[in-house]
Amino acid sequence: MTSLYGLTRDELAEALAGEPPYRADQLWRGLWAEGRPLGEVTTVPRALRERLAAAHPPALTPVEEVVSDRGGTRKWLFALADGATIETVLMHYDDRVTVCVSSQAGCAMGCTFCATGQAGFTRQLTLGEVLEQVVVARREARPARLSNVVLMGMGEPLANYAVTVGALRRLAGDVGLSARHLTVSTVGVAPAMERLAAEGLPVTLALSLHAANDATRDELVPLNRRYPLERLFAAATTWVERTRRRLSLEWALIDGVNDTDAALAELVDFAAPLAAHVNLIPLNPTPGFLVRGSRPERVAAFRDGLLARGVNATVRNTRGRSITAACGQLAQVSRGRRVALRRR
Ligand code: SAH
Ligand code: SF4
């Protein structure tokens, strides 16, 4: 069954066949512009809402909610209709409210440091399942206004390409978010990066680089054997040239692995010609991956080294570290308790 939020405007009108034509407008406005749950779109008769709810039940059932940063970060584990689980994280900052959404249940890429990668792939998410994460987060963010969406939760968005691009278009259209405030994070599916560059979507692309020599990157990111750095650099160049959008490079600092002076020099060689912005994140510990995140002094020194060589860099604060908000970690520890979303 399709999530109500997976329907286009025309599909919604079809689902309402036999009703007066203005019903589709009322519902569409209630669901998208006003962001109400179906039960609260009271411009539409209750019987009709009930019929729709039976045909298009919510795709997401909250299983667990974890709150940290004094309520500034909230993370949900959602069960899908078939029992697969995904994570969504809502983060309040001074200047923006961001939701981090999943694009797949699990992930097939097998990055060695990533909890999602260790757990393996379950299935692709549907368009409705991706959009519903944003709708729920937008509602829960109130009275603050959700401004940013990052496809940086579970899964590899560019391995679920049609859904990712469909979601970006709907978010920039029906949900009314600025495309500039939408970010796709990719492990580096080079051909899909080039395809995305041709979509005419002014979104931000974040490339999870983590190493700029093939030997190390092969170990951290198995996909590097398929699309090694030279191929990735070509795709990144296409992205920058075609879109004129800034490229972000994600770099999870791992003690003694990619935080050395040699690693710094390699990163500068990759990032500088692309005028890329580097996001440094100390690695979140993952059970089963036996190295640690870099110490805070090393993180700061690495950032300063980049800045001194003319590469823009910031250290991303590890939101939700205390609630195991790193990719895939909540799903790993959950005991399947069911909770209701807290209203605020
Ligand atoms: N598959 C996509 C998006 C989801 S992962 C990608 O890989 O980009 C989102 C980000 O979390 C990626 O940059 C990934 O490298 C990072 N990540 C995964 N596990 C992590 C960990 N244990 N500590 C820090 N960052 C991690
Ligand atoms: Fe998948 Fe991204 Fe985790 Fe790699 S880092 S396993 S691509 S979710």
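A crossover counts as right-handed if, with the strands pointing away from the viewer, the path from the first strand over the helix to the second runs clockwise. I took helices (H or I, at least four residues) and strands (E, at least two) as DSSP runs, numbered from the N terminus.

**Ground rules.** I am working on a predicted model, where local features need pLDDT of at least 70, side-chain atom pairs count only at pLDDT 80 or more, and totals for chains, interfaces and linings use all residues. Side-chain values use heavy atoms, without hydrogens and water, residues are numbered from 1 along each chain as its sequence is written, and chains are lettered from A and ligands numbered from 1 in the order in which they are written.

**Entry: strand β8.** I looked up residues 182-186, strand β8, and found 5 of its 5 residues buried. Buried is under 20% relative accessible area, exposed over 50%, partly exposed in between (1.4 Å probe, protein chains only). One side carries Leu182, Val184 and Thr186, the other Thr183 and Ser185, and both faces are covered.

Next I checked its neighbours; strands pair if DSSP finds at least two bridges between them. β7 (residues 148-151) runs parallel to β8 over 3 bridges. Val149 stands opposite Leu182 there. β9 (residues 204-208) also pairs with β8 in the parallel sense, over 4 bridges. Thr186 has Leu207 of β9 as its bridge partner.

I then traced the connections. β7, helix α6 (residues 161-172) and β8 form a right-handed β-α-β unit. β8, helix α7 (residues 190-197) and β9 form a right-handed β-α-β unit.

**Entry: ligand 2.** I listed 9 residues around ligand 2, with Cys107, Cys111, Cys114, Gly117 and Val187 coming nearest. Near means a heavy atom within 4 Å. The shell holds 6 nonpolar, 3 polar and no charged residues. Nonpolar covers Ala, Val, Leu, Ile, Met, Phe, Trp, Tyr, Cys and Pro; charged covers Asp, Glu, Lys and Arg; the others, Gly among them, are polar.

**Entry: salt bridges.** I counted 17 salt bridges, each a side-chain nitrogen of Lys or Arg within 4 Å of a carboxyl oxygen of Asp or Glu.

Glu19 and Arg51 form one, with the closest N and O atoms 3.3 Å apart. Glu19 sits in the loop between α1 (9-15) and α2 (22-33) and Arg51 in helix α3 (residues 46-55), so the pair ties together parts 32 residues apart in sequence.

Asp174 meets Arg170 at 2.5 Å, N to O. Arg170 is buried at 9% relative accessibility, while Asp174 is partly exposed at 29%.
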